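Thanks, everyone. Please have a look at the fold before I start talking.

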Amino acid sequence: MTEIKIIPINITDNAKEQVNKALTIKGIPENYFLRIGLRGGACSATYFIGFDKMEDLDDLYEIENLNIGLLIKRPHLMYLIGVELDFEEEGNGYVFNRFES
């Protein structure tokens, strides 16, 4: 049985709306999830978003008003805490914001 958790990343309503639209437009299969993670390492790491199947070391999260589960690899989780995923209509599309406390 897969455990579903509440995620410590903020996904804005605008980003949720765009993901939900993409699910319909692209016809994402039911066995796929939304994946947020990191590519690269150290100072050159970048955030990414995409659709993917569940793999080893993944945790599955349920997000309110998002029509798909969210996957995050356990080693990436500590780098995603406090990050916000937004969608900018003009220009950049999906944007990751990190707020320092």
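Two strands count as paired if DSSP finds at least two bridges between them. Strands are DSSP runs of E, at least two residues, and helices are runs of H or I, at least four residues, both numbered from the N terminus. This is a predicted model: local features need pLDDT of at least 70, side-chain atom pairs count only at pLDDT 80 or more, and totals for chains, interfaces and linings use all residues. Residues are numbered from 1 along each chain as its sequence is written, and side-chain values use heavy atoms, with hydrogens and water left out.

Now the sheet. Strand β7, residues 83–88, pairs with β8 in the antiparallel sense over 6 bridges. Here L85 stands opposite F96 in β8. The open sheet has 3 strands in the order β2-β7-β8, with mixed pairing. β2 (10–11) and β8 (93–98) each have a single partner strand, so one side of each is left without a neighbour in the sheet.

Next, T12. This residue is found in the loop between β2 and α1. Why does T12 count as buried? Because its relative accessibility is 14%, and buried means under 20% relative accessible area, with a 1.4 Å probe and protein chains only. T12 touches E84, L85, D86 and F87, not counting residues up to four places away in sequence; contact means heavy atoms within 4.5 Å.

Last, I7. Leaving aside neighbours within four places in sequence, I7 is in contact with Y61, I63, L70 and I72.

Conventions
Buried < 20%, exposed > 50% of the residue type's maximum accessible area, 1.4 Å probe, protein only.
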